[in-house]
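The sequence and structure come next.

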There are 2 protein chains.
Amino acid sequence: VIEREGWKVGGIAKGAGMLAPGLATMLVVLTTDAILDVQRARAALRDATRVTFDRTDSDGCMSTNDTVLLLASGASGVAPGPDEFELALTEACAILARALIADAEGASHDISITVTNATTEEAAEAVARAVARSNLFKAAIFGNDPNWGRIVSAVGTVPVSIAPFDPLHLDVSVNGIEVCRALGVGEDRSLVDLTPREVTVVIDLHAGVAAATIWTNDLTHDYVHENSAYSS
Amino acid sequence: VIEREGWKVGGIAKGAGMLAPGLATMLVVLTTDAILDVQRARAALRDATRVTFDRTDSDGCMSTNDTVLLLASGASGVAPGPDEFELALTEACAILARALIADAEGASHDISITVTNATTEEAAEAVARAVARSNLFKAAIFGNDPNWGRIVSAVGTVPVSIAPFDPLHLDVSVNGIEVCRALGVGEDRSLVDLTPREVTVVIDLHAGVAAATIWTNDLTHDYVHENSAYSS
């Protein structure tokens, strides 16, 4: 629950994994007692999901039936000021989206991939998503290996028409250690501690001022087990 | 070696997996003693690789440094007739491409995914590649599960602008058993035998006359092990 002066936003979410055949894959219900008209509620929900649920990518496999609902009762009697509700709703969605990823099938690391200084937000998102979908990168994180070569090779698969940048000016840091600096050797990769569950990857494209973050998880033996050992 | 009247095409290929850091990922040398000029050799090689090496996709992770070379000596003294050399070269490339996939990291099944009756060859390729990149589908095949739901949900991720088709007219067969017929229940999935290493998936879009095949492999514990247990 996100609390503001006189009104609140609540939320509940279910399942990144296919919990049972026939049930929806992701089901999210958000509630608020703020006063909202339909247009504001719709726009706020679309904007909030665009940068939260739409930026989670556990295994690149699009879900078949996801639902996000926002219910607004107006019971607080308070109409939030400009952007106030939108920010609170985005915060609630981000908390739920991270919780879904943390609960993903077989995951042992929760990974955020942030691309900074891209030409556009779309470029930043495309680069971050390419890394999030690299099985090689995700298996390396499972093995506690800060393998920046696998990050950079995934970055290089994004067409230059979508994300222009100079490959000679690319910095990569993993959990705060800049392991790749302008494609040369940065700090000692043995300094990177990947034993915590949370992993933070930051990729600086040095091409603009836009940024985006994708949340994903690692590729583990448990993922393979959970998705091969039963029939659905 | 592909033998024709008076001339031959030979080939050798190395490595779908990263055999050792610093070495090229895929290295292919093709040889022929046929008489070819440079234009014909270039065009034949481009056309042959487009439908062979370019249609292998082990884990969706683009290789960083692949090489395919064609060396033509003319020593046979024979100039192959129209299309003769091109067909033989494509056959040689297809054999090598399948051998690379069969040798991929940790694979226990070699999978061909053929999309038929698409509007264009590009549409067929895009649909086949979407299935080839689905970790959920690839883990199911590892588990000997002919999970057509995972195939259909991967097909559904391809934008309609790239591959238009009617979702209500979609047939899927796995190793010759049509498990999904027009999205209804087809033949009994327990009839599908996935114990052989070779797996053949055919997806009929009923939208046109074009077709394409992508070769891939399954997602296994050995893949995760080989890509997490060492640092590169």
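What percentage of the 232 residues of chain A count as buried? The share is 47%, where buried means under 20% relative accessible area, exposed means over 50%, and partly exposed lies in between (1.4 Å probe, protein chains only).

This is a predicted model, in which local features need pLDDT of at least 70, side-chain atom pairs count only at pLDDT 80 or more, and totals for chains, interfaces and linings use all residues. Residues are numbered from 1 along each chain as its sequence is written, chains are lettered from A and ligands numbered from 1 in the order in which they are written, and side-chain values use heavy atoms, with hydrogens and water left out.

**Chain A**

Chain A has six helices and 10 strands; these are DSSP runs, with helices being H or I of at least four residues and strands E of at least two, numbered from the N terminus. The C-alpha trace of chain A spans about 60 × 45 × 35 Å along its principal axes. Among contacts (heavy atoms within 4.5 Å) in chain A between residues at least 6 apart in sequence, 78% join residues at least 24 apart.

**Individual residues**

A:Ala104 lies in the loop between helix 2 (84-102) and strand 5 (110-118) of chain A. Between A:Ala104 and A:Asn227 there are 12 Å in space, C-alpha to C-alpha, and 123 residues in sequence.

Most residues other than glycine have a negative phi. A:Asn117, in strand 5 of chain A, has a positive phi of about 55 degrees although it is not a glycine. B:Asn117, in strand 5 (residues 110-118) of chain B, likewise has a positive phi of about 55 degrees.

| Residue | Relative accessibility | Class |
|---|---|---|
| A:Ala104 | 7% | buried |
| A:Asn117 | 27% | partly exposed |
| B:Asn117 | 27% | partly exposed |
| B:Tyr223 | 2% | buried |

**The interface of chain B and chain A**

At the interface, 29 residues of chain B are in contact with 29 residues of chain A. The two chains bury about 2400 Å² between them, 55% of it on carbon and sulfur atoms; buried area is the accessible area (1.4 Å probe) that two parts lose on being put together, summed over both. B:Asn135, B:His221 and B:Val224 supply 21% of the area that chain B buries against chain A, more than any other three residues.

Six residue pairs (both at pLDDT 80 or more) are in polar contact between chain B and chain A. A polar contact is a pair of N or O atoms within 3.5 Å; within protein, one must be able to donate a hydrogen and the other to accept it, and residues adjacent in sequence count only if both atoms are side-chain atoms.

On the side of chain B that touches chain A, the elements giving two or more residues are helix 4 (135-142), helix 5 (148-155) and helix 6 (221-228) of chain B. Helix 6 gives the most, with six residues.

B:Tyr223 is found in helix 6 of chain B. Leaving aside neighbours within four places in sequence, B:Tyr223 is in contact with A:Asn135, A:Leu136, A:Leu219, B:Asp59, B:Glu105 and B:Gly106.
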